[in-house]
Amino acid sequence: MIDKEKIKKAVREILEAIGENPDREGLLETPDRVARMYEEIFAGLHCDISKSIKIFKENEHQEMVLVKNIPMYSMCEHHLLPFIGVVHVAYLPKKGRILGISKFARIVDMLAKKPQLQERLTSEIADTIVEAVNPLGAAVVIEAEHLCMTMRGIKKPGAKTVTSALRGVFKLDERTRAEVMMLINTR
Ligand SMILES: Nc1nc2c(ncn2[C@@H]2O[C@H](COP(=O)(O)OP(=O)(O)OP(=O)(O)O)[C@@H](O)[C@H]2O)c(=O)[nH]1
Ligand SMILES: [Zn+2]
């Protein structure tokens with residue numbers, strides 16, 4: 001579990017280390033606020049994803065399903081700064097194994113809420129879908145801006161990193177892959 005008391009102590013120390021006075025009025029509550037914020041934005045470290053995934057039985061639909069533009073907020077594990085963007089998730093269900101569409105956003109949220117790499121987040125979403133519904137294929141594309149590249153270091157606001165993870169037919173069949181990429185790129 002997340003140790004909020006430990007976070008509070010550490011934040012107080014960081015404030016002291018940067019030359020701030022943690023006892024001035026504006027900062028008094030800050031360690032506690034940061035601890036509560038970390039509990040929220042790192043909640044994915046301590047939740048069981050399988051509990052929130054419900055599979056439907058639906059024998060007719062065997063065509064591609066694409067959920068586009070799922071908003072995503074995560075924290076880069078190198079700098080603990082946010083990377084922010086959208087996730088596109090597609091899958092080609094096997095007969096009788098359909099996932100409620102909101103579950104894709106739930107999967108994204110849970111896997112994003114921990115120190116992450118964009119590449120790993122992309123693969124983990126694809127693998128979770130494969131494990132949940134064993135589809136004929138799954139495709140995940142993430143477009144994100146990393147604040148560690150925007151507000152510090154190389155300072156390139158607007159640079160977008162695009163990652164993809166393809167499983168099953170999306171990897172093996174060129175036409176299926178082209179179809180999903182075309183649908184993703186049609187705004
Ligand atoms: N591949 C990948 N790299 C990332 C991600 N998030 C941040 N990074 C990069 O991680 C790298 C860390 O590089 P380091 O040289 O160890 O750290 P740094 O000195 O702060 O690097 P700069 O950001 O270039 O100033 C940087 O190039 C970041 O842009 C991510 O999700 N995926
Ligand atoms: Zn970073």
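Trainee: Which residues of H3 and H4 meet?
Mentor: In this predicted model, Ile 107, Val 108, Leu 111 and Ala 112 in H3 meet Leu 121, Glu 124, Ile 125, Thr 128 and Ile 129 in H4.

Trainee: And what does that contact have by class?
Mentor: The contact of H3 with H4 has 7 nonpolar, 1 polar and 1 charged residues.

Trainee: At what angle do H3 and H4 pack?
Mentor: Helix H3, residues 102-112, and helix H4, residues 118-133, pack at an angle of about 135°, and their axes are 10 Å apart. Because of that angle, H3 is oblique to H4.

Trainee: Is the crossing of H3 and H4 left-handed or right-handed?
Mentor: The crossing of H3 and H4 is right-handed.

Trainee: Let us move to H1 and H2. How do their axes cross?
Mentor: Helix H1 (residues 4-17) and helix H2 (residues 30-41) have axes that come within 8 Å and cross at roughly 130°. H1 is therefore oblique to H2. The crossing of H1 and H2 is right-handed.

Trainee: Which residues meet there?
Mentor: On the H1 side they are Lys 4, Ile 7, Lys 8, Val 11, Arg 12 and Leu 15, and these meet Thr 30, Pro 31, Asp 32, Val 34, Ala 35, Tyr 38 and Glu 39 in H2. By class, the contact of H1 with H2 has 7 nonpolar, 1 polar and 5 charged residues.

Trainee: Now the sheet. In what order do the strands come?
Mentor: The open sheet is formed by 5 strands in the order E5-E2-E3-E6-E7, with mixed pairing.

Trainee: Which are the edge strands?
Mentor: They are strand E5 (115-116) and strand E7 (161-168), each of which pairs on one side only.

Trainee: How many bridges join E3 to E6?
Mentor: Strand E3 (residues 82-92) and strand E6 (residues 137-146) run antiparallel and are joined by 10 bridges.

Trainee: What about E2 and E3?
Mentor: Strand E2, residues 65-76, pairs with E3 in the antiparallel sense over 9 bridges. Met 75 stands opposite Pro 82 in E3.

Trainee: How many residues lie between the strands in that hairpin?
Mentor: The hairpin of E2 and E3 has 5 residues between the strands, and Leu 80 takes a positive phi near 55°.

Trainee: Do E2 and E5 pair in the parallel or the antiparallel sense?
Mentor: E2 and E5 pair in the parallel sense, over 2 bridges. The bridge partner of Cys 76 in E5 is Gln 116.

Trainee: Where do side chains point in a regular strand?
Mentor: In a regular strand they alternate between the two faces of the sheet.

How values were computed:
Residues are numbered from 1 along each chain as its sequence is written. Chains are lettered from A and ligands numbered from 1 in the order in which they are written. This is a predicted model: local features need pLDDT of at least 70, side-chain atom pairs count only at pLDDT 80 or more; totals for chains, interfaces and linings use all residues. Axes are lines fitted to C-alpha atoms, for helices over the stretch in contact, and angles run from 0 to 180 degrees between N-to-C directions. Helices (H or I, at least four residues) and strands (E, at least two) are DSSP runs, numbered from the N terminus. Angles under 35 degrees count as roughly parallel, over 145 as roughly antiparallel, 65 to 115 as roughly perpendicular and the rest as oblique. A crossing is left-handed if the near helix is turned anticlockwise from the far one by less than a right angle, and right-handed if clockwise. Two residues are in contact if their C-beta atoms, placed from the backbone, lie within 7 Å. Ala, Val, Leu, Ile, Met, Phe, Trp, Tyr, Cys and Pro count as nonpolar, Asp, Glu, Lys and Arg as charged, and the others, Gly among them, as polar. Two strands pair if DSSP finds at least two bridges between them.
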